Each structure stands twice: as structure tokens, then as C-alpha cells.
Amino acid sequence: MKIEVTKGVNLFVQDWGRGKPIVFVHGWPYGHRIFEYQMMQLAKKGYRAVGIDLRGYGYSERPWEGNDYDTWTGDIGRVIKNLDLKDGTLFGYCIGGALAAHYWATSKDPRVTKLALASTALPWSGQKPEDRKWYDERIEYCLADQAKCTWDFTAHLFHKPVSAEYYRWLVDLGRIDSLHASIRGLEEMRDRDLSKEMGKITIPTRIYHGVHDKVLSYGWAESLQKLIKGSTLVRFENSGHAIYWDERDKFVDELEKFVAVALAKAA
């Protein structure tokens, strides 16, 4: 379905199942479809799985305006309000994790009662000179050859072998984002420091990270856990950056476990 978030800007939203909502925010440069396996399994288990394509990505519209953390999170909030979601878990992966955390820290939205952050670019992935250099090179690379940039980035996601067909499918999914949104995503990850916001997060938060992550090392997750009071960290021993693929069933189980435990505490 399409949901209008601002005048003339519609986001594609996949809404499956009925029950307690879990909202999925994808990573750079893909769309919600990277989580379709998890969304399908959770819907079968009695949850409402909602996948959002950010503006400029996936099947959503590609406006020039608003490709930044603040507007993307505003869009997420409008989707949550439009669907009248309550007592929901907001899940974010990679840049989506930064957006999920930024959304709750700045809005304190009572509709969202749990945060789940996976392989996430938090609190600020461009804080070191070598990190900024990586982003600068990636931006130049994407401007020169977006298709090749996406192809090469995808190669670093996995710890386990993937089929050639799946690899091409994932690359094609990344290639349909707008060049403008893709570059703005890299710039925001490089430049936005959300460190101070992490201390404002007071709802149950769980962090998931692959031990073999080549994009954002496991140390990122350990540092993030220290910044978010009361958060817990789940190690994915056989995963790289793409925990949704490397250990996809564990991903479903851990996410369901977190939602169930949090609900039990609130009861």
C-alpha cells in the first residue's frame, strides 16, 4: 500500500498479519523486502509486521526534499500514526537503526514501547578520520558508478555463502533507490552524531549484532550498549552484517522473544 506522509510524497508500506505491531526500517541502500522472511514468519505467529520503504528507497517516491534523518524519522512517525499502531516494537537495521533510535529519542512516541536495533550505525559512524574517509570514498564511488558501488558493498554483508541468484536480487533491490537518497544516507551516517540522544532512550532496547560484521565491527554494538541504559546485546555468532540472512531463523526467534518478554514485564 501507499501512505502519504507529506503532500505529494507517498511511502510504500507492507502490512502483514494482525496482533502486536513490529515496524521494520531497512538499511542502506535497500528496502523493506530484505525482511520479508522475518515479516512472514512473525505474521504467522500472530504479530503485525509492518515494513516501510524510506523516501527515496525501495518502492517509495523519490522527492528531492527531505532526505535526512529528521525527515525520514518524521515519515516513520506518520506511518505509525496513520496505521494507528499501539504498543509497538520499532526495529531498525543499519541506517534504519539510527533512524529508529533518533525517532524515539526525539519524539518519545507512546505508541512505540520497545526498540530493536540490528547491525546499526550508531551513535555516529563517521567519528574517526578513517571512518569519514570510508564514507567519502563510498560517496565518490557511488557518484561515479552507483551500480558497481552497490554490487561491491553487498559483497561485504555475509558471513555464510549465498546463492548467485540471491546476491543479484539483493543488488537489484539496492539499485532502485534514488542516487540522491543514497548519497544523502551516506552523508547523514557520516555526519550525524546521535551520542547525546542515546541517553534519552528509556524504553526496553535490544541490540543485535553479528560477530563477523565487516561493515560495522562488533565493537560498535558493545559501545552502543553502554550508551543506552538498560539495553541488552545479543551476539549472532555465525553472522556478518546481514544477520537477516546469515541467521534468519535465529533473528525471528530473538525478535519474538524480545517482544514477548517486554510485553510480559509491562503486564
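This section describes strand pairing, helix packing, cysteines and backbone geometry in a predicted model.

Strand E1 (residues 2–6) and strand E2 (residues 9–16) pair in the antiparallel sense, and the pairing runs over four bridges.

Strand E3 (residues 20–25) has parallel partners in E4 and E5. With strand E4 (residues 47–52), E3 pairs in the parallel sense over six bridges, and Phe24 stands opposite Gly51 in E4. With strand E5 (residues 88–93), the pairing of E3 is also parallel and extends over four bridges; here Val25 stands opposite Gly92 in E5. Five of the six residues of E3 are buried, so this strand is largely enclosed by the rest of the structure.

Helix H1 spans residues 36–44, and Glu36 lies in it. The relative accessible area of Glu36 is 19%, which is under the 20% limit, so Glu36 counts as buried. The side chain of Glu36 is joined to that of Arg33 by a polar contact of 3.1 Å. The loop between E3 and H1 holds Pro29, and the peptide bond from Trp28 to Pro29 is cis, with omega near -5°.

A cis peptide bond also links Leu122 to Pro123, with omega near 0°. Pro123 is placed in the loop between strand E6 (112–118) and helix H4. For context, most peptide bonds are trans, and most residues other than glycine have a negative phi. Cys94, although not a glycine, has a positive phi of about 55°. The residue Cys94 lies in the loop between E5 and helix H3 (95–107). Lys108, likewise not a glycine, has a positive phi of about 50°, and its place is the loop between H3 and E6.

A search of the whole structure for disulfides returns one. A disulfide is a covalent bond between the sulfur atoms of two cysteines. In this model the bond joins Cys142 to Cys149, with an S to S distance of 2.4 Å. The torsion about the S-S bond of Cys142 and Cys149 is about -50°, so the disulfide is left-handed. Both Cys142 and Cys149 are buried. Cys94 takes part in no disulfide; the nearest cysteine sulfur to that of Cys94 belongs to Cys142 and is 13 Å away.

Cys149 also belongs to the buried face of helix H5. In H5 (residues 146–154), the buried residues are Gln146, Cys149, Thr150, Phe153 and Thr154. These residues cover an arc of only 125° around the axis, which puts them on the same side of H5. The cover over the buried residues of H5 includes helix H4 (129–144), helix H6 (164–175) and helix H7 (179–191).

Helix H4 also contains Trp134. Trp134 is partly exposed, with a relative accessible area of 31%. Although Trp134 and Arg190 are 56 residues apart in sequence, the C-alpha to C-alpha distance between them is 9.1 Å.

Note on methods:
Residues numbered from 1 in each chain as written. Predicted model: local features only at pLDDT ≥ 70, side-chain atom pairs only at ≥ 80, totals over all residues. Heavy atoms only, no water. Buried < 20%, exposed > 50% of the residue type's maximum accessible area, 1.4 Å probe, protein only. Helix = DSSP H or I, 4+ residues; strand = E, 2+ residues; numbered from the N terminus. Arc of directions from axis to C-beta. Contact = heavy atoms within 4.5 Å. Disulfide = S-S within 2.5 Å. Polar contact = N/O pair within 3.5 Å; in protein donor to acceptor, adjacent residues only side chain to side chain. Pairing = 2+ DSSP bridges.
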